[in-house]
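Hello,

Here is the model for your set-up work. Please open it alongside these notes.

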Amino acid sequence: MKKHSFSLAQKLWILVSIVMVVVLSVSYGMTQYLYKKIYVEDVEESLIQEGLRLADEYKGGELTNELKEKVSWYNEISESEVILVNDPKELSACLPFEVTHETLIGAKERELLINGDIITKIGYEKQFDRNIMGVIVPLLDEKRLKGILYLYIPLASVQEVFKEANLIITIVSLAVGASAILFGQRIVKKLTTPINEMERVAYQMSKGNFSEKVNVQSNDEIGRLGVAFNQMSEALKEEDERRKEFLGNVSHELRTPISYIKGYSEAILDGTVSNQEDAEKYLRLIHREAGRMQRLVRDLLDLAQLEGKSLPMDLQPLALAQLIEEALAKFEPFLQEKKLSFKKNLDPDIIIMGDQDRIEQVIQNIVENAIRYSPEHGEISVSLIKSKGDTCTIAIQDKGIGIPKKDLHRIGERFFRIDKARTRQHGGTGLGIAIVQKIVQLHKGDFSIESEEGKGTTVYIKLPVVK
């Protein structure tokens, strides 16, 4: 069985309706409370005071004719009905409506009267078509009940009591109801419109369309949610573009070496190559392109593992200066080839917690780039110093071609190359800096680059040190 669910607009209207019902219920309750407090209790107090004044005329003994005449006279001028009887049983005959004396004065009430208590009773009477309030005042002579005074009056209804205020109450109720409907309509529209917009935009996003945006018209929580939704949409759009660009770059990077390998291998297989020298030349080219593909796949695997944090890090105390020295030693043949030299300033006392292979990979990637883009007879400066706080800074500086200012912020993007032709010629994959940044982040460090076109580049790596 399908479970019925209300829309947000329906839920809000239900809430508005509940609020209106609660307000009306509270208003009704307040009316009843005021009716009882202001009117009923006032009538009761008035009847009791009348009864006590008449009871003061009784001086003890049997009920006299003079007292009966005074009560009769008072009954004629009073709004309430006043009856004086010797015995409670006589009330049944004196009252203009049917009631037994036991109903008015039973054994429990009689005991109260003997103790001097005044009894108040309220009951509905058909003859008056309304409630009747009666007050029974005892006339006592030394703990003996000699008679009772019974005063009663029909109570006005709530509508009669608030007759003058009924018009005002009606107008106010209508105004409150209309205001609640209008206000509720505005609130429902204000809340549901942006949410419906978000639903529409989310549907478009699920179709791959990230150009749609939520129209934000307020600065409240809903408005800020709309802004956040637009930011999320923009981020997904950028991520989708990066994904497409990444796939395109991978395809492009693999297409060239695969084409070379396929072409050269076909030339060897179909006998186009006529001599051993050309065959060896083609095999070397195939080997070179296979090596490039191998490096690309290795870097892609490293980057994927680093981004997914699935690559285990073997953290241990490292003498960073020694590690840098060992990494730089591997570049001696390349330095000799380009007639370059290292200028080193390494603090031997700095110890970090790190993965030796990954930190060495960082140094090698940066130095490899520095060598690649440095002119012959140049110098590469490598320094390691203690920084402010519990950090150290590795700075690797070259005097090479530098990076254009417009491209500096893109350094670290996957497959981004400033000069695609030169980088491919030198065998770079375009993933080295991206891998370096991820490794530094996993070591809770910072990576930054300063560069000026034609003057060189300096890479800064900050890492926490062991205290």
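This is a predicted model: local features need pLDDT of at least 70, side-chain atom pairs count only at pLDDT 80 or more; totals for chains, interfaces and linings use all residues.

Residues are numbered from 1 along each chain as its sequence is written, and side-chain values use heavy atoms, with hydrogens and water left out.

The sheet is open, with 5 strands in the order β6-β8-β9-β11-β10 and mixed pairing. β6 (341-346) and β10 are the edges; each has a single partner strand, so one side of each lacks a neighbour in the sheet. Twist averages 10 degrees from one strand to the next. Strands are DSSP E runs of at least two residues, helices H or I runs of at least four, both numbered from the N terminus. Pairing takes at least two DSSP bridges between two strands.

β8 (379-386) and β9 (391-398) pair antiparallel over 6 bridges. Leu384 sits opposite Ile394 in β9.

β10 (446-452) and β11 (456-464) are also antiparallel, over 7 bridges. They form a hairpin with 3 residues between them, and Gly454 in the turn has a positive phi of about 85 degrees. Glu452 faces Gly456 in β11.

α12 (356-372) lies across β6, β8, β9, β10 and β11, at about 25 degrees to β9. α15 packs on the sheet and touches β10 and β11; its direction makes about 140 degrees with that of β10. Contact means heavy atoms within 4.5 Å. Axes are lines fitted to C-alpha atoms, for helices over the stretch in contact, and angles run from 0 to 180 degrees between N-to-C directions.

Regards
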